[in-house]
Amino acid sequence: MDRPANDQDIVEILRAVRVGDIVSGTITQVGPPHGAAVRLDGQLGLASADIGPLHASWGHPWDEVIQVGRRVTAEVIDIDEERERIGLSLAATENPELWAFLKDIPGA
């Protein structure tokens, strides 16, 4: 029988995920404060996740890419244990070569 997640469960889940991991989920909400909320698959779904406006897509309009109910695959770009939040970049998985280049720029 499944039990509800507690704060310790969520902290352990957040410690298991790494920046650079590729994850999948479903967009559940669009709008402030974080752009688009995503319910990640599996145990990661216990933590909140979002795609910020700058990380939605570099080649398509926001409203074309970010829609409630849409399945997405994105790269983990930030893990905030205090806020129990995972930051995602959809653009990183759409343009992996450009993303790799941009990450290597000092100060970027």
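The model is predicted, and pLDDT is the predictor's confidence in each residue, on a scale from 0 to 100.

Entry on confidence. I looked up the chain as a whole and noted a mean pLDDT of 85, with 91% of residues at 70 or more. I then went through the elements: strand S1 has the highest mean pLDDT, 95, whereas helix H4 (residues 96–103) has the lowest, 73.

Entry on S1 and S4. I found S1 (residues 22–31) paired with S4 (residues 71–80) in the antiparallel sense, over five bridges. Within this pairing I located Thr26, whose bridge partner in S4 is Arg71.

Entry on S4 and S5. I followed S4 to S5 (residues 85–89), to which five bridges join S4, again in an antiparallel arrangement. Here I recorded Gly87 of S5 as the bridge partner of Asp78. The two strands form a hairpin with four residues between them, and in that hairpin I noted a positive phi near 50° at Glu84.

Entry on S2 and S3. I looked up S2 (residues 35–40) and found three bridges to S3 (residues 48–51), the two strands running antiparallel. Ala37 stands opposite Asp50 of S3.

Entry on S3 and S5. In which sense do S3 and S5 pair, parallel or antiparallel? I found the parallel sense, with four bridges. Asp50 has Gly87 of S5 as its bridge partner. I therefore note two bridge partners for Gly87, namely Asp78 and Asp50, as bridges are what define strand pairing here.

Notes. Residues are numbered from 1 along each chain as its sequence is written. This is a predicted model: local features need pLDDT of at least 70, side-chain atom pairs count only at pLDDT 80 or more; totals for chains, interfaces and linings use all residues. Side-chain values use heavy atoms; hydrogens and water are left out.
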